[in-house]
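Thanks for coming, everyone. I have one structure to walk through today. Let me put it on the screen.

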Amino acid sequence: NYFTKEIMEIPQDNSSSKVIVLRNITSFKELDVAKTNFIATISHELKTPLASSDFSLKLLDDERIGKLSADQRELVQHLKDDNQRMLRILSELLNMSQVESGKIQLDITEVRPEMIADNAIAAASTTAREKNIIIQKRYAENAGLIRADAEKTGWVLNNFLINAIKHSYADSTIIVSIQKNGSEIEVSVTDQGVGIPSEYSEKIFERFFKVPGSKTAGTGLGLSISKEFIEAEGGRIWMKSEIGLGSTFGFSLPVSR
Ligand code: ADP
């Protein structure tokens with residue numbers, strides 16, 4: 001059973017007495033677990049048809065099937081973008097339910113951070129191109145290896161990149177850097193975007209948090225999941241930002257060799 005404990009003060013004539021209130025919240029906890037499982041199930045169910053329509057759209061765009069007019073190609077591209085956005089939201093929901101249920105499953109191997117970064121950059125390149133944003137690599141030579149879950153770490157980095165693109169101006173540059181700092185390897189994404197007020201530097205990693213006034217679409221889940229993933233791997237997540245100049249989001253993981 002789960003309980004919450006609360007101390008209540010009851011005022012009396014000239015003094016007061018204290019009462020400890022224990023509330024049995026087991027049924028709420030069960031409901032919460034049921035909700036988390038439900039989100040995971042629905043996300044799984046939606047992922048299959050979406051992935052399959054994504055595949056069909058790719059085929060439609062294949063010249064071997066038939067040539068599309070410029071207008072048709074543009075429409076197909078819109079559909080592909082929408083699909084990608086939906087798949088991204090679903091992966092956030094699936095990851096969130098993993099985090100919520102306390103069951104982050106890590107598949108740890110020794111990996112080169114450059115490999116993770118290259119894959120994340122490749123996955124974000126189409127989105128970057130739409131705003132004519134250049135992604136520049138600044139990798140230190142032989143930074144070393146990290147022990148990490150390549151998929152989850154890649155997801156975090158891709159999330160940084162998509163955020164950076166979302167909050168950047170067109171024709172700007174984003175830098176992905178890999179550095180060795182003592183016994184840690186730092187991987188970070190720096191943009192020349194709108195920046196984030198320093199008062200939000202911790203809050204930004206909370207669930208559902210979005211910078212007030214920010215008009216971009218999104219669930220506010222990405223960074224909170226990223227923090228959970230990186231901390232589960234034994235690392236730290238951080239950010240630095242200056243209003244009007246841009247932001248850097250990064251993580252540091254212990255170097256393994
Ligand atoms: P989402 O992007 O889905 O809203 P995130 O957790 O990834 O959720 O980000 C939370 C919020 O942090 C965003 O809504 C945005 O306000 C802010 N943010 C994240 N990355 C950046 C960035 N590179 N530049 C400016 N603001 C950012």
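F160, F205, F249 and F251 form one aromatic cluster. The rule: rings of Phe, Tyr and Trp (its six-membered ring) pair if their centres lie within 6.5 Å, and planes under 30 degrees apart count as stacked, over 60 as edge-to-face and the rest as tilted. By this rule the count comes to five aromatic pairs. Take F160 with F249: the pair is tilted, 5.7 Å centre to centre, with 40° between the planes. F160 lies in helix α4 (residues 150-166) and F249 in strand β9 (residues 246-254), so this pair ties together parts that are 89 residues apart in sequence. On the naming, helices (H or I, at least four residues) and strands (E, at least two) are DSSP runs, numbered from the N terminus.

Are F160 and F249 buried or exposed? F160 is buried, and F249 is buried too. Buried means under 20% relative accessible area, exposed over 50%, partly exposed in between, with a 1.4 Å probe and protein chains only.

Now F160 with F251. Their ring centres are 6.2 Å apart and the planes stand at 40°, so this pair is tilted. F251 sits in strand β9 and F160 in helix α4, so the pair ties together parts that are 91 residues apart in sequence. F251 is buried, as is F160.

A word on the source. This is a predicted model, where local features need pLDDT of at least 70, side-chain atom pairs count only at pLDDT 80 or more, and totals for chains, interfaces and linings use all residues. Residues are numbered from 1 along each chain as its sequence is written, and side-chain values use heavy atoms, with hydrogens and water left out.

Stay with β9. This strand is mostly covered: eight of its nine residues are buried. Which strands pair with β9? One is β7, antiparallel, over seven bridges. Another is strand β8 (residues 236-242), also antiparallel, over seven bridges. Two strands pair if DSSP finds at least two bridges between them. To place yourself on the screen, T190 has T248 as its bridge partner in β9. W238 stands opposite G250 in β9. β8 and β9 form a hairpin with three residues between them. In that turn, G244 has a positive phi of about 85°.

Next, β7 and β6. Strand β7 (residues 184-190) runs antiparallel to β6, and seven bridges join them. I175 has its bridge partner T190 in β7. These two strands also make a hairpin, with two residues between them. G182 in the turn has a positive phi of about 65°.

β6 has a parallel partner as well. Strand β4 (residues 134-139) pairs with β6 (residues 173-181) in the parallel sense, over six bridges. I134 stands opposite T173 in β6.

Two asparagines on either side of β4 deserve a look. N132 is in the loop between α3 (113-130) and β4. Phi of N132 is near 55°, positive in a residue other than glycine. With a relative accessible area of 49%, N132 is partly exposed. N142 is in the loop between β4 and β5 (146-149). N142 is not a glycine either, yet its phi is positive, about 45°. N142 is exposed, with a relative accessible area of 70%.

One serine to point out. S97 lies in helix α2 (residues 70-100). At 6% relative accessibility, S97 counts as buried. What does S97 touch, leaving aside neighbours within four places in sequence? S97 is in contact with T36 and A40. Contact means heavy atoms within 4.5 Å.

Last, the whole protein. There are five helices and nine strands. From the N terminus the order is β-β-α-α-β-α-β-β-α-β-β-α-β-β. The C-alpha trace spans about 85 × 45 × 40 Å along its principal axes. Of the 257 residues, 38% are buried. Among contacts with a separation of 6 or more, 67% join residues 24 or more positions apart.

That's the tour. Questions, please.
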